[in-house]
Amino acid sequence: MKTIEIAAKIRICSHIELTDEQKSVVEAAKKATSGSYSPYSHFKVGAAVLLANGEIITGSNQENAAYPSGLCAERTAIFYAGARFPDVPIRKLAIISRTGDVFGSEICSPCGACRQVICESEVRAGAPIEILLCSADEAYIFDGIEGLLPFGFSGKDLK
Ligand code: THU
C-alpha cells in the first residue's frame, strides 16, 4: 500500500493587506450580495470575477421554491462572464456571504458543483484562477482550484 498526502497552500490576509486589484474584486463581490434572491435561506452570497480584459463581472445566489432550480453566486457570475465574454479568461474570483446587513464572520466556501465549474473555467482560461474566499475581515487566497478540488475531473479525463 502507498499513501499520499495532499497539501494546499492558503494565504490568509486581512482585507487591508490585499492588493488594489484584489480589493476591487472583493468590493464588487460585497456589492453583488445586494442582488441576491434568497427568500428561503436568507443567506446572501456575492461573487465577482476579474477577467483578463479588466472587466469585473458579478453574480449573486438566485433561489427557487423548487430548491435545486436555484443557482449559487459563483456559478451565476462565471456563467454570466462566459455569456458576455466567451473568449476572455477569468483571472480572479472572490466570494462573500451576508446575512441581513452583516458580512459573514466565516469565509464563504464554494459548494462542490461550483468547484467543478471553477475547474472548467481554469481549463478554459489555460491558467490557474486566484480564488479569494472572504469573511468580513479576512480572505483565504488559493492560487488555483487545485487547492479546493484535488483530483478534479476535466476534459482530459474523457480522452
Ligand atoms: N451559496 C452560494 O451562492 N455560494 C456558496 O458558495 C455557498 C452557498 C448559496 C446557495 C443558496 O442560495 C444559499 O447560499 C444557501 O445554501
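Here is a chat about a predicted model of a chain with its ligand.

Biologist: Before we start, what are the ground rules for pLDDT and numbering here?
Modeller: Residues are numbered from 1 along each chain as its sequence is written, and side-chain values use heavy atoms, with hydrogens and water left out. Since you asked about the predicted model, totals for chains, interfaces and linings use all residues, side-chain atom pairs count only at pLDDT 80 or more, and local features need pLDDT of at least 70.

Biologist: Okay, what order do the elements of the chain run in from the N terminus?
Modeller: Helices (H or I, at least four residues) and strands (E, at least two) are DSSP runs, numbered from the N terminus. The chain comes to 3 helices and 7 strands. Written from the N terminus on, that gives β-α-β-β-α-β-β-α-β-β.

Biologist: What radius of gyration does the chain have?
Modeller: The radius is taken over C-alpha atoms, and the globule rule is 2.2 Å times the number of residues to the power 0.38. For 159 residues the rule puts a compact globule near 15 Å, and the chain agrees with its 15 Å.

Biologist: And what share of the residues count as buried?
Modeller: Buried means under 20% relative accessible area, exposed over 50% and partly exposed in between, with a 1.4 Å probe and protein chains only. Of the 159 residues, the buried ones come to 42%.

Biologist: How much of the ligand does the protein bury?
Modeller: Start with the oxygen atoms of the ligand: one is 2.9 Å from a side-chain N or O atom of Asn-61, and one is 2.6 Å from a side-chain N or O atom of Glu-74. Taken alone the ligand exposes 370 Å² (Shrake-Rupley method, 1.4 Å probe; for residues, only the protein chains shown count as cover), and the buried part of that is 76%.

Biologist: Which side chain does the side chain of Ser-41 make a polar contact with?
Modeller: Ser-41 sits in the loop between α1 and β2 and is one of the residues around the ligand. A polar contact is a pair of N or O atoms within 3.5 Å; within protein, one must be able to donate a hydrogen and the other to accept it, and residues adjacent in sequence count only if both atoms are side-chain atoms. A polar side-chain atom of Glu-63 also lies 2.5 Å from a ligand oxygen. The side-chain partner of Ser-41, at 2.5 Å, is Glu-63.

Biologist: Is His-42 buried or exposed?
Modeller: Most residues other than glycine have a negative phi. His-42 has a positive phi of about 55° although it is not a glycine. With a relative accessible area of 52%, His-42 is exposed.

Biologist: Last one: which residues is Gly-35 in contact with, leaving aside neighbours within four places in sequence?
Modeller: Gly-35 is found in the loop between α1 (20–32) and β2 (44–51), and is partly exposed at 43% relative accessible area. Contact means heavy atoms within 4.5 Å. By that cut-off, the partners of Gly-35 are Ser-60 and Gln-62.

Technical notes:
Near = heavy atom within 4 Å.
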